[in-house]
Amino acid sequence: MIQKKKDINKNDINNKEDKFKIKNKIKYLKKNNKKLKKNIISLKKKNKNKIEKVQIRCRKEIELSYKFSLENIFSSILPILDSLEMATLSLNDNKNIEYYKIYKKLKKLKNYFIKILINNNVKIIDKINVRFNPLFHQAMFLKFSKDIKENNIIDVLQKGYLLHDRLLRAAMVSVSKI
């Protein structure tokens with residue numbers, strides 16, 4: 001029996017040491033758990049910000065893609081519109097009835113194309129007596145004029161076009177010179 005008592009005492013000591021170790025381990029794990037929770041919260045905030053930035057960037061890219069998706073199509077329509085413009089100008093002065101019928105149909109077609117462009121936020125650059133702007137105008141030649149200020153547009157040889165303020169084609173113009 002005496003030996004059993006010794007064993008019990010040893011077990012008690014071991015139990016106390018184990019309890020102490022367990023308590024320390026629990027304390028350590030609780031501290032570590034708090035740190036990990038703080039890290040998780042911090043990472044969630046960082047990731048949330050990153051995700052928001054990516055979403056904003058994607059929205060902008062989609063918006064730009066949508067805005068300018070028709071740019072190539074409109075650019076390919078412009079020569080057709082120029083041809084219609086030239087045809088209507090050449091037929092405008094003709095007094096022949098047959099030519100007049102053709103003129104009316106061509107003008108209607110030209111107006112239809114222009115309406116399509118305007119409805120899709122295409123702006124036409126065709127104003128005269130405005131200041132020459134190299135971002136929107138291409139100077140073809142200089143004309144001497146006393147009536148119009150220097151560096152203003154005298155005549156538009158070929159219209160220019162803007163799609164959502166992005167240049168599709170510069171207007172070909174003649175510029176005044178005093």
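Trainee: Which element gives the largest share of the lining of the largest pocket in this predicted model?

Mentor: Helix α2 does, with 5 residues. Both α2 and β3 (153-158) supply at least two residues of that lining.

Trainee: Which residues line the largest pocket?

Mentor: The lining consists of L81, D82, E85, M86, L89, D126, V156, L157, Q158, K159 and Y161. The space in this pocket is about 180 Å³.

Trainee: Why is α2 called roughly antiparallel to α3?

Mentor: Helix α2 (residues 71-92) and helix α3 (residues 97-119) pack at an angle of about 150°. Angles over 145 degrees count as roughly antiparallel, and therefore α2 is roughly antiparallel to α3. Their axes lie 9 Å apart, and the crossing of α2 past α3 is left-handed.

Trainee: Which residues of α2 and α3 meet?

Mentor: On the α2 side they are F74, I77, L78, I80, L81, L84, E85, A87, T88, L91 and N92. Their partners in α3 are Y99, I102, Y103, L106, K107, L109, K110, F113, I114, I116 and L117. These contact residues comprise 17 nonpolar, 2 polar and 3 charged.

Trainee: How do you know that L81 and E85 belong to both the helix contact and the pocket lining?

Mentor: L81 and E85 are among the α2 residues that meet α3, and L81 and E85 are also listed in the lining of the largest pocket.

Note on methods: Residues numbered from 1 in each chain as written. Predicted model: local features only at pLDDT ≥ 70, side-chain atom pairs only at ≥ 80, totals over all residues. Heavy atoms only, no water. Axes fitted to C-alpha atoms, helices over the stretch in contact; angles between N-to-C directions. Helix = DSSP H or I, 4+ residues; strand = E, 2+ residues; numbered from the N terminus. Parallel < 35°, antiparallel > 145°, perpendicular 65-115°, else oblique. Left-handed = near helix turned anticlockwise from the far one by under 90°. Contact = heavy atoms within 4.5 Å. Nonpolar A, V, L, I, M, F, W, Y, C, P; charged D, E, K, R; others polar. 1 Å grid on protein atoms, 1.4 Å probe; cavity = no way out; pocket = protein on both sides within 12 Å on 5 of 7 lines; lining within 4 Å. Points joined across faces, edges and corners; volume = space filled by probe spheres on them.
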